[in-house]
Amino acid sequence: MKNVVCSLALALAALPAVAGNVTFSDPRGDDAGPGTYTYPTKAEYKKGSFDLTDIEIKDKGADLEITLGVNAGIEDPWDSAKWPTPGNGFSLQMFQLYIDVDGKAGSGEKDALPGMNATFADDSRWEKVIFVSPQANKEVTTRLDQKAKAMKDKVVLPTKVSAKGKKVTALVKKADLGAGFDAAKVGWQVLVASNEGFDNQPGNGILARTVNEFEGEHRFGGGDDGDSDPNFVDCLAGAGKGGADEAAAQKAMLKFDAGTKQRAILKVVRGG
Ligand SMILES: [Ca+2]
Ligand SMILES: [Ca+2]
Ligand SMILES: [Ca+2]
């Protein structure tokens, strides 16, 4: 009996670690990018709608279930069911989840997807990005072909996106993220940006609105009219646990300089 217990223990010890779930939190009230951004003036852009609060990534075997929380009820003021290609039940936000899979300094993509106006630190370069949009995959794919061909094979589109309460949930095939993918062992960065419904300008981002110097009906203000300012409103920073210090860490990380064209340098947050 002793031998059986012993060999069972050895067998268990030899099993690979069970693929993990991971949760991050983000402080409330830091939905101002580098600290200066102001919401668009249209009433639909309710306070807190772009304020990331938490991200829960659950390993469901073949799929990852990713739940993104913001600090306001998710609404669909522009009725995504009636878009030329029907959308996913919300209208305002869009999310990009960058993943540093290999954790090797200098390995992976340095620039974020076109239009985000951000780069990644050497120790945070990404191998995959999950694109969570209110728009159908068909629309996203068309824009990726036009604007991000070189990165397209690194973009993972969810098989399903839905919204309920203050949460957007995306299902992603784990196989699309690479063999043996473990959400708890990679680095994550989550950008919250503003969905662009009618984006067909080659210089723009991928279905994402730019931030301007002055806010407009559909534009965040407090940035710059050039392309140095980050075109997203909230992201993870510091330890990703939601501490008050993370708001200051975000401000420092998203610093940009329109004069020297210095963009923000993003770090990923590691799970566990
Ligand atoms: Ca936040
Ligand atoms: Ca990497
Ligand atoms: Ca944040």
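Modeller: Helices here are DSSP runs of H or I with at least four residues, and strands are DSSP runs of E with at least two. By that rule, the chain of this predicted model has 3 helices and 13 strands.

Biologist: What makes the chain agree with a compact globule?

Modeller: Its radius of gyration. For 272 residues, a compact globule would have a value near 19 Å. The chain has 19 Å, so the two agree. Along its principal axes, the C-alpha trace spans about 75 × 40 × 35 Å.

Biologist: How much of the chain counts as buried?

Modeller: The share is 42% of the 272 residues. Contacts also reach along the sequence. Take those between residues at least 6 apart: 71% of them join residues at least 24 apart.

Biologist: What makes valine 101 count as buried?

Modeller: The cut-off is 20 or more other C-beta atoms within 10 Å. Valine 101 has 20 such neighbours, so it counts as buried.

Biologist: Where is valine 101, and which residues does it touch?

Modeller: Valine 101 sits in the loop between β4 (93-100) and β5 (118-120). Leaving out residues up to four places away in sequence, valine 101 touches Glu127, Lys128, Gly178 and Val186. Phenylalanine 214 lies 113 residues from valine 101 in sequence. In space, their C-alpha atoms are 37 Å apart.

Biologist: Which residues touch the most other members of the largest nonpolar core?

Modeller: Leu97 and Val132 do, in a core of 65 residues. Nonpolar side chains tend to be buried together in soluble globular proteins.

Biologist: Which residues is leucine 97 in contact with, beyond four places in sequence?

Modeller: They are Ile66, Val129, Ile130, Val132, Trp188 and Val190. A contact here needs C-beta atoms within 7 Å.

Biologist: In what order do the strands of the open sheet run?

Modeller: The order is β1-β2-β3-β9-β8, with antiparallel pairing. From one strand to the next, the twist averages 15 degrees.

Biologist: Why are β1 and β8 said to stand at the edges?

Modeller: β1 (22-25) and β8 (160-164) each have a single partner strand, so one side of each has no neighbour in the sheet.

Biologist: What makes β1 and β2 a pair?

Modeller: Pairing takes at least two bridges. β1 and β2 (residues 52-59) share 4, in the antiparallel sense. In one of these bridges, phenylalanine 24 has isoleucine 55 of β2 as its partner.

Biologist: And how many bridges join β8 and β9?

Modeller: There are 5, again antiparallel, with β9 covering residues 167-173. Lysine 160 stands opposite leucine 171 in β9. The two strands form a hairpin with 2 residues between them. In its turn, glycine 165 has a positive phi of about 60 degrees.

Biologist: Which residues of β8 are on its covered face, and which on its uncovered one?

Modeller: Val161 and Ala163 make up the covered face. Lys160, Ser162 and Lys164 make up the uncovered one.

Biologist: Which residues of helix α3 are buried?

Modeller: In α3 (residues 245-253), they are Glu246, Gln250 and Met253.

Biologist: How do you know that they line one face of the helix?

Modeller: Look down the axis of α3. The buried residues fall within an arc of 70 degrees, so they line one face. These residues pack against β11 (234-235) and β12 (264-266). The face turned away from the buried side carries the exposed residues Asp245 and Ala252.

Methods. Residues are numbered from 1 along each chain as its sequence is written. Chains are lettered from A and ligands numbered from 1 in the order in which they are written. This is a predicted model: local features need pLDDT of at least 70, side-chain atom pairs count only at pLDDT 80 or more; totals for chains, interfaces and linings use all residues. A nonpolar core is a set of buried Ala, Val, Leu, Ile, Met, Phe, Trp, Tyr and Cys residues joined through C-beta atoms within 7 Å. A residue is buried if 20 or more other C-beta atoms lie within 10 Å of its own, exposed if 12 or fewer, and partly exposed in between; C-beta atoms are placed from the backbone. Two residues are in contact if their C-beta atoms, placed from the backbone, lie within 7 Å. Axes are lines fitted to C-alpha atoms, for helices over the stretch in contact, and angles run from 0 to 180 degrees between N-to-C directions. The radius of gyration is taken over C-alpha atoms; the globule rule is 2.2 Å times the number of residues to the power 0.38. The arc is that of the directions from the helix axis to the C-beta atoms.
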